[in-house]
Amino acid sequence: MISETTMKDNEELVEVVSDCEPLLVQERKHNIGLLSLKILSGVFLVGCVCYLFLGISGDLPSAQENENEVSDLSVGKWIPNPAGPQYTNETCNHIQSYTNCLNNGRPDRGYLYWRWKPSACDLPPFNPVKFLNAMSDKSWAFIGDSILSNHVYSFICLLSKVEEPHEIHHDSTYKTRTWYYPFHNFTLYVIWAPYLVFYETAGKHGDASETNINELHLDMLDSQWTKEYHKFDYVVLSGSQWFYKSSIMIEDNQVIGCHNCPYKNLRELGVEETYRKALQLSLKFIATSVHKPFVILRTWNPSHYESGDWANERICNRSEPFKEGEINGDPTDLKMRNIEIEEFQKAAGIGARNGVQMKVLDTYHLSLLRPDGHPGPYGKYHPFDGDDKKNNVENDCIHWCLPGPIDSWNDLLMKMVIDDDDDARDPASGLF
């Protein structure tokens with residue numbers, strides 16, 4: 001079980017996405033108020049004021065402690081949302097076919113009527129008007145794999161309620177794309193970099209049997225994102241399940257190990273060490289960069305495969321969220337998420353000294369509670385039409401239906417980037 005205590009223990013130093021006052025701080029303030037009513041001595045009153053405002057008491061938290069003791073929006077529960085999603089497959093034409101569960105014939109609709117409710121405060125829905133107004137003349141980049149793309153299309157669907165984007169660039173695979181919102185002069189990039197570091201197919205060296213193995217250069221970042229980095233005002237990046245694929249690891253042009261290729265007679269390096277090295281290199285680049293965008297690390301995406309060992313046997317057919325304590329999740333998924341927190345903490349301190357704003361968008365736990373949000377068999381159009389298909393349907397238990405649970409990821413982004421800064425913004429700026 002991933003308890004709230006465990007989540008908080010892993011994130012003591014992480015800047016979490018909330019401006020809500022913690023319940024503990026509220027209680028302390030209440031107790032201090034009651035104590036103040038009983039104070040008769042003027043000298044003692046002055047001492048209490050010092051305690052409250054200067055943080056000199058051993059019993060009261062200091063200003064720095066108060067700053068760290070904020071509410072974590074990743075701790076909470078999914079509650080019914082009768083209003084349903086802000087868009088549908090009929091109102092947004094940007095949904096990719098493999099996540100368009102409604103169009104593909106998914107019969108149940110219950111997964112659409114939930115919203116994430118943090119324990120300590122409420123989370124407003126994504127506001128596309130407010131977002132686009134705030135982001136005029138800005139650019140965003142989403143860097144990662146197909147889950148990041150999944151997230152981007154949710155983002156675009158929410159923004160399309162206000163303005164439709166113009167696609168101004170795509171690569172030959174349509175995995176790296178750029179959209180432009182002319183009315184707001186806002187640019188949105190999605191960049192395909194599933195390992196964040198440079199990789200190539202091992203089969204390129206002439207061995208056709210190795211076309212399913214990738215060579216990862218753990219000391220070289222993927223130029224697909226680094227060459228464009230200077231253009232971005234905001235960056236969202238993440239690692240991906242691609243690290244679970246068979247791969248050969250290289251440093252200084254020398255093979256140092258392998259994952260899931262025992263016939264190579266190479267040291268099994270493992271996914272955890274490999275991912276840590278890739279993250280360290282990526283976060284060091286970000287934290288020490290001359291260019292200083294607002295950088296957000298989105299945590300690991302959990303899968304929900306159940307039953308069977310083969311692709312056509314594994315399923316994810318649940319129709320409701322889990323309650324707290326009902327699922328532990330894949331242990332390796334959790335380890336990968338914890339590696340992210342550890343490496344982020346190290347890099348964030350360097351970034352802070354360099355004037356780089358870095359935050360964690362911790363979606364792991366709240367996503368773990370949503371086994372009902374994946375396409376399952378409905379990543380394909382009407383998968384059960386025809387008797388010959390019934391035994392050959394593969395389930396997608398990694399990506400997310402749109403609309404669906406990951407729309408809440410954008411609620412969190414809104415809170416992190418816009419709403420948390422409201423008090424600091426100049427009301428006369430005309431942004432909102």
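Tryptophan 225 is a buried residue in this predicted model, because its relative accessibility comes out at 0%, and the cut-off for buried is under 20%. Its ring pairs up with that of phenylalanine 285: the two centres sit 5.4 Å apart with the planes at 85 degrees, so this is an edge-to-face pair. Phenylalanine 285, for its part, counts as partly exposed because its relative accessibility is 26%, which puts it between the 20% and 50% cut-offs.

Stepping back to the whole structure, a search turns up 28 aromatic pairs. One of them joins tyrosine 199 to tryptophan 242, again edge-to-face, at 6.1 Å from centre to centre and with 65 degrees between the planes. Here too, distant stretches of chain are linked: tyrosine 199 belongs to strand β7 (residues 197-201), while tryptophan 242 lies in the loop between β9 (234-237) and β10 (247-251), 43 residues apart. Both tyrosine 199 and tryptophan 242 are buried.

Lysine 175 is found over the face of tryptophan 192, 4.3 Å from the ring centre. Arginine 370 places its charged end over the ring of tryptophan 78, at 4.5 Å from the centre of that ring.

Methods
Residues numbered from 1 in each chain as written. Predicted model: local features only at pLDDT ≥ 70, side-chain atom pairs only at ≥ 80, totals over all residues. Heavy atoms only, no water. Phe/Tyr/Trp six-rings, centres within 6.5 Å; stacked < 30°, edge-to-face > 60°. Helix = DSSP H or I, 4+ residues; strand = E, 2+ residues; numbered from the N terminus. Buried < 20%, exposed > 50% of the residue type's maximum accessible area, 1.4 Å probe, protein only. Lys NZ or Arg CZ within 6 Å of the ring centre and 35° of its normal.
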